[in-house]
Amino acid sequence: MRVEFKPEGIHLPSIDLWLDPRVPVPAAWLSHAHSDHARGLHETAIATAITGRLYRHRWPLPANRTQHLLTLNPGQSMEWRGATLTARQAAHILGAAQLEIVYEGECLVYTGDIKRRTPICGWETQPIPCDHLIIESTFGLPIYQFLEAAEAQTRIANFARECLAAGQTPIFQGYGLGRGQEIAHTLALHQIPCQIHHSIAALIPYFEAEGYTFPTESASGAILVTPGQEEKVPIPPAKRKTALVSGWAALDNARARSNADVLIPYSDHADFSELLTLIAESNPAQIDIVHGYAAPLAHILRQRGYNAREARL
Ligand SMILES: [Zn+2]
């Protein structure tokens, strides 16, 4: 199946479907609700129910507009212009899914953003054998190695407890959708109270609807903010410590870049070994790699015998 990689996004001209387009299009698959993937008011948008709700929160429908927002949950299929579309679970953020497209006997899989390890919040990845794989490579170099969720959660809780026991305020940097709620949920599991920045707190109800718990608010507990906001917390440097929970925390220089005292390398993307696992499980005849370290990862995969190439958007 022909695939066009354009600045506007990934286009499948045979069935006129766009994958995570950056501009409004007639028909789009939204792999998850991060704003670099789900953006703009497409005429038709297809997504899981959770992604649809998060997308609607971030892209409200103006009163004078209509939109077909179609739900395709993991395991469900729909016919689309001669193709069969099936959503498959993806570990990334809550509601994330891969899209399996079967057209004229060929199976194409678009992973969207994905990891192979179990996430703190969200689904496990379902590996999909396919002919053609389009996969991301945000952290597609061997230097990136991340923690299992359970180890990350232990480090998050221990950092908070040790700070509080020493009379310091633990501050966490987490993104507005995904990491922020995962840190907050972890603090709740360990009964550590927390003040949560409004940009993270605003999306918590969508996680609560899926059964995740969140900490009680307390001025004497931890503080959870989005990156950059930690500078604005009115606590003197001697009375606070900051943890960066991120894939970038796998690199030592992330410490200087983020002003973090503690680095916890946990990500909602795959590290290098997870990417190799995912690709081996899919065993595709053709691999297109988007985002991040696409060129070096494609080179490494070709050395391992795969038909892989960098796909520039
Ligand atoms: Zn994402």
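**A walk through the predicted fold**

Strand β9 (residues 97-103) and strand β10 (residues 106-110) run antiparallel and are joined by 5 bridges, and within this pairing Y103 has E106 of β10 as its bridge partner. The model is a predicted one, in which local features need pLDDT of at least 70 and side-chain atom pairs count only at pLDDT 80 or more, while totals for chains, interfaces and linings use all residues. Residues are numbered from 1 along each chain as its sequence is written.

The two strands belong to an open sheet of 7 strands with mixed pairing, in the order β7-β8-β9-β10-β11-β17-β18, where two strands pair if DSSP finds at least two bridges between them. Strands of a sheet pair through backbone hydrogen bonds, either parallel or antiparallel. At the edges lie β7 (77-80) and β18 (308-310), each of which pairs on one side only, and neighbouring strands are turned against each other by 20° on average, direction ignored.

Helix α7 (residues 272-282) lies across β10, β11 (132-136) and β17 (286-290), and runs at about 165° to β11. Helix α8 (residues 294-303) also packs on the sheet, touching β17 and β18, with its direction at about 165° to that of β18. Such angles run from 0 to 180 degrees between N-to-C directions, the axes being lines fitted to C-alpha atoms, for helices over the stretch in contact. In total the protein has 8 helices and 18 strands, which are DSSP runs (H or I, at least four residues, for helices; E, at least two, for strands) numbered from the N terminus.

Turning to the interior, 46% of the 313 residues count as buried, that is, with 20 or more other C-beta atoms within 10 Å of their own, whereas 12 or fewer makes a residue exposed and values in between partly exposed, with C-beta atoms placed from the backbone.

By contrast, D36 counts as exposed because it has 10 C-beta neighbours inside 10 Å; D36 is found in the loop between β4 (27-29) and β5 (44-47).

Note on methods: Contact = placed C-beta atoms within 7 Å.
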